[in-house]
Amino acid sequence: LPQSAPVYLSETAPARWRGAFTSSFNTFVVIGILSATITNYFTNRIPRWGWRVSLGLAAVPGVIVVVGAFFIPDTPSSLVLRGQPDRARAALQRIRGDGTNIDAEFKDIVHAVDEARRNDVGSFRRLFSKQYRHYLVAGLAVPVFYEFTGMIVISVFSPVLFRTVGFSSQKAILGSVINSMTNLVATVLSSFVMDRTGRRFLLIIGGIGMLLCEVAISWIMAGHLGKHQGVTMPHGYATAVLVLICLCTFSFGLSWAPLRWVVPAEIYPVEIRSAGQALSISVELCLSFVELQVFIALLCAMKYGVFLFYAVWLLAMTIFVAVFLPETKGVPLEAMRSVWTGHWYWRRFVKQDANHERQITGVSTN
């Protein structure tokens with residue numbers, strides 16, 4: 001699902017609303033996390049078998065996804081790539097609406113697929129070639145940096161963090177519920193603004209916000225955790241940590257949480273899109289697994305320093321976005337090469353093809 005859903009949404013969405021459409025995947029992920037956290041809050045009160053209810057309810061969204069998959073068409077790009085232009089045109093007309101003129105958009109999809117077919121080299125070999133190096137770097141940087149925001153461990157282990165700073169078990173889970181609701185509000189807000197403000201602006205603002213919050217959390221924990229003849233910290237400082245975690249989550253939900261799905265799904269050309277997305281998701285899942293295994297050990301060994309560790313990464317990723325990531329807001333997928341040819345650094349790796357650019361950049365963005 002993380003492999004196919006963002007690509008599907010990206011390929012079917014109109015260019016000017018692509019960010020909102022693609023980020024809706026993250027919105028429903030956050031809704032699922034919030035639902036699971038609320039379920040855990042109530043089932044935690046049921047002795048012995050409450051966990052069975054929590055685990056069993058996870059089957060409900062799985063059933064909805066499986067049934068819903070039978071009612072959606074393939075993407076036009078996929079159908080053209082598989083030699084079914086008539087079905088592709090019908091699918092595009094269905095997606096855009098019966099009264100919409102799709103001639104220009106469909107023509108550009110066909111041109112993009114024809115370009116992809118000119119090279120017989122496999123998708124993964126192309127992805128690792130010099131000509132596609134900019135796609136590879138961006139496609140790997142986004143999931144790697146996403147994992148080192150530190151937010152996945154804050155999300156998963158927030159009850160542990162809240163217990164560490166002094167909350168009871170039940171209040172720690174309630175804190176996680178509040179944190180998940182904050183994430184949902186920020187994610188929905190991001191869906192409304194990312195196609196207006198652009199991807200880079202949100203990534204930079206979100207990175208700076210998380211950086212400041214994590215430095216502040218580290219400062220409070222360094223000064224007060226385990227001090228004052230206690231094993232935790234005074235109530236006022238514990239509350240401040242809760243507020244800072246929620247602010248950090250808001251910055252995350254506004255930026256990196258939805259955009260880690262949006263950016264990799266839209267930067268790749270059609271000939272390497274599936275391979276590039278597969279590589280991005282694989283790297284993210286592997287790093288996520290490793291990070292979840294070692295976070296408790298890091299927290300015990302580094303204590304407050306673990307947040308400074310993530311803060312350094314946040315500084316690095318914010319600089320990377322500001323310097324190396326081009327803006328893709330409103331650019332049709334079939335014209336995505338143009339954002340790289342105009343970039344001060346990556347243009348040296350982009351193969352110049354003037355005829356192809358003239359054909360593609362005339363595509364409608366409606």
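Reader: Helices (H or I, at least four residues) and strands (E, at least two) are DSSP runs, numbered from the N terminus. How much helix and strand is there over residues 304–325?

Author: That stretch is 91% helix and 0% strand. Its end C-alpha atoms are 31 Å apart. Mind that this is a predicted model: local features need pLDDT of at least 70, side-chain atom pairs 80 or more, while totals for chains, interfaces and linings use all residues. Numbering runs from 1 along each chain as its sequence is written, and side-chain values use heavy atoms, without hydrogens or water.

Reader: And residues 49–72?

Author: 71% helix, 0% strand. The end C-alpha atoms there lie 38 Å apart.

Reader: Where does UniProt put the "transmembrane region" feature?

Author: The unreviewed entry lists several spans, including 49–72, 237–257 and 304–325. Such annotations may be inferred rather than shown by experiment.

Reader: Which of its residues are buried?

Author: Among them are Ala238, Val241, Leu242, Ile245, Cys246, Thr249 and Phe252. Buried means under 20% relative accessible area with a 1.4 Å probe, protein chains only.

Reader: New topic. How many cavities of 30 Å³ or more?

Author: The whole-structure search finds 3. A cavity is a set of 1 Å grid points where a 1.4 Å probe fits but cannot get out; lining residues have an atom within 4 Å of a point.

Technical notes
Buried < 20%, exposed > 50% of the residue type's maximum accessible area, 1.4 Å probe, protein only. 1 Å grid on protein atoms, 1.4 Å probe; cavity = no way out; pocket = protein on both sides within 12 Å on 5 of 7 lines; lining within 4 Å. Points joined across faces, edges and corners; volume = space filled by probe spheres on them.
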